Amino acid sequence: MVKYKRRNVEKAIVMALRDLGGSASRKQIRRTIAENEYDGLIYEEVYYTKKAKTGMYSPFLFDFNFGLKNLQSVGYVEKLKRNQDVVLSDLGRSADLTNYPTEEQQKIIATYWDKKNTLRAERNKAKKITDADKEEAVDSDDEQDSADNDWKTQLLGQIKRFSPAKFESFSRLLISKMGVSIDKIKGVQLSGDHGIDGFGYFRSDEFRTSRVAIQCKRYTSGAVGESEIRDFKGTMDSFNAEYGIFVTTSYYTDTAKKTAIQGNRTVTLIDGQELTDLIEKYQLHIKPVTTYALDDYYFEKD
């Protein structure tokens, strides 16, 4: 298993934002970094999780959140706002990243964190944080982002423990929530004998009904490759399916992604991260919990 080693990720953030048109959610930025391997970061590193006292956490997310603050301090991104997209500044759009951070930028960043650390010290008077926990702590502005990542990490970990039969059933349930009507004969009873894990019909807004083939792969590690997608597309032909949906708890290689969109029959790829997003969107066997975090406003000195 590839493990993430702590590092500076600001260049990758800027590169992703430029690719996304200069404005995107934190989730979109992380996903774009992972898919495009910006600044040498790969998918498994971005989504690597580590066990901590309070559960699983993402070391990359820790560097990511701090990186955003560093970019804000040097003027590469506009002022960060809770629950809003991260926006590149004009400087961030055009700056040469070759020598980032320069000596001057390092001084600016250091000054910024000196001030933040003073505020954090005030906060820690009300909430004790041990030395062992400091590495996992995040600024209050990032707590919601971190909490969202934590429960989805736990969710994906539990799904990876499903039996193959339960994962197939779960995937069909999710896809049915997305608007596909599962065929109880072709889509369930006969799926195991024909190399697919589901079959159904999708009716579009234009009253056109399309045949949909479904394939599920519960991987605990490694990526789904080109051969798996090519085999699935071959099976789609025997069902005369117009398009397919491939669901995995892992991720896809670049060649798998290219194969999925080649030819007349395309395949929609759903990886582990998107899978948890869809579960959230359709509220599939989860219960929403609302919580709040105090802003720095409450900790500023007079």
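A residue counts as buried when its relative accessible area is under 20%. By that cut-off Phe-239, at 11% relative accessibility, is a buried residue. The structure discussed here is a predicted model. The protein contains 13 helices and nine strands, and 43% of its 302 residues count as buried. Among contacts between residues at least 6 apart in sequence, 65% join residues at least 24 apart.

**The open sheet**

- Five strands form an open sheet, and their order is β5-β6-β7-β8-β9. The pairing within this sheet is mixed.
- The edges are formed by β5 (residues 180-182) and β9 (residues 266-270), each of which pairs on one side only.
- On average, neighbouring strands of the sheet are turned by 30° against each other, with direction ignored.
- In general, the strands of a sheet pair through backbone hydrogen bonds, and the pairing is either parallel or antiparallel.

**Pairing from strand to strand**

- Strands β6 and β7 are antiparallel and share six bridges. Within this pairing, Gly-200 has Val-212 in β7 as its bridge partner.
- The hairpin of β6 and β7 has five residues between the strands, and Phe-207 in this hairpin takes a positive phi near 65°.
- Strands β7 and β8 run parallel and are joined by six bridges. Here Gln-215 has Phe-246 in β8 as its bridge partner.
- Strand β8 (residues 243-248) also pairs with β9, in the parallel sense and over five bridges. Phe-246 stands opposite Leu-269 in β9, and Phe-246 is also the bridge partner of Gln-215.

**Helices that lie across the sheet**

- Helix α11 (residues 226-239) lies across β6 (198-203), β7 (209-217), β8 and β9. The helix runs at about 140° to β8.
- Together, β7, α11 and β8 make a β-α-β unit that is right-handed.
- Helix α13 (residues 272-281) lies across β8 and β9 and runs at about 80° to β9.

- Gly-225 belongs to the loop between β7 and α11. Because its relative accessible area is 13%, Gly-225 is buried.
- Which residues does Gly-225 touch, if those up to four places away in sequence are not counted? They are Thr-253 and Ala-256.
- Gly-225 and Thr-259 are 34 residues apart in sequence, and their C-alpha atoms are 9.4 Å apart in space.

**Aromatic rings**

- A search of the whole structure finds 14 aromatic pairs. One of them joins Phe-199 and Phe-239, with 5.3 Å centre to centre and 35° between the planes, and this pair is tilted.
- Why does this pair tie together parts that are 40 residues apart in sequence? The reason is that Phe-199 lies in strand β6, whereas Phe-239 lies in helix α11.
- Both partners are buried: Phe-199 has 0% relative accessibility, and Phe-239 has 11%.
- Elsewhere, Phe-62, Phe-66, Tyr-112 and Trp-113 form one aromatic cluster.
- Arg-30 lies over the face of Phe-64, at 5.3 Å from the ring centre.

**Helix α2 and the residues after it**

- Helix α2 spans residues 26-36, and its buried residues are Arg-26, Ile-29, Arg-30, Thr-32, Ile-33 and Ala-34.
- As a general rule, an α-helix has 3.6 residues a turn, so residues three or four places apart point the same way.
- Just after α2, Glu-37 takes a positive phi of about 55°.
- Asp-39 is located in the loop between α2 and α3 (43-46). Although it is not a glycine, Asp-39 has a positive phi of about 55°.
- Is Asp-39 buried or partly exposed? Asp-39 counts as partly exposed, because its relative accessibility is 33%.

**Other backbone features**

- Tyr-100 and Pro-101 are joined by a cis peptide bond, with omega about -5°. Pro-101 is found in the loop between α5 (90-94) and α6 (103-126).
- Gln-283 lies in the segment after α13. The phi of Gln-283 is near 50°, a positive value in a residue other than glycine.
- With a relative accessibility of 39%, Gln-283 counts as partly exposed.

Conventions: Residues numbered from 1 in each chain as written. Predicted model: local features only at pLDDT ≥ 70, side-chain atom pairs only at ≥ 80, totals over all residues. Heavy atoms only, no water. Pairing = 2+ DSSP bridges. Helix = DSSP H or I, 4+ residues; strand = E, 2+ residues; numbered from the N terminus. Axes fitted to C-alpha atoms, helices over the stretch in contact; angles between N-to-C directions. Contact = heavy atoms within 4.5 Å. Buried < 20%, exposed > 50% of the residue type's maximum accessible area, 1.4 Å probe, protein only. Phe/Tyr/Trp six-rings, centres within 6.5 Å; stacked < 30°, edge-to-face > 60°. Lys NZ or Arg CZ within 6 Å of the ring centre and 35° of its normal. Right-handed = clockwise from strand over helix to strand, strands pointing away.
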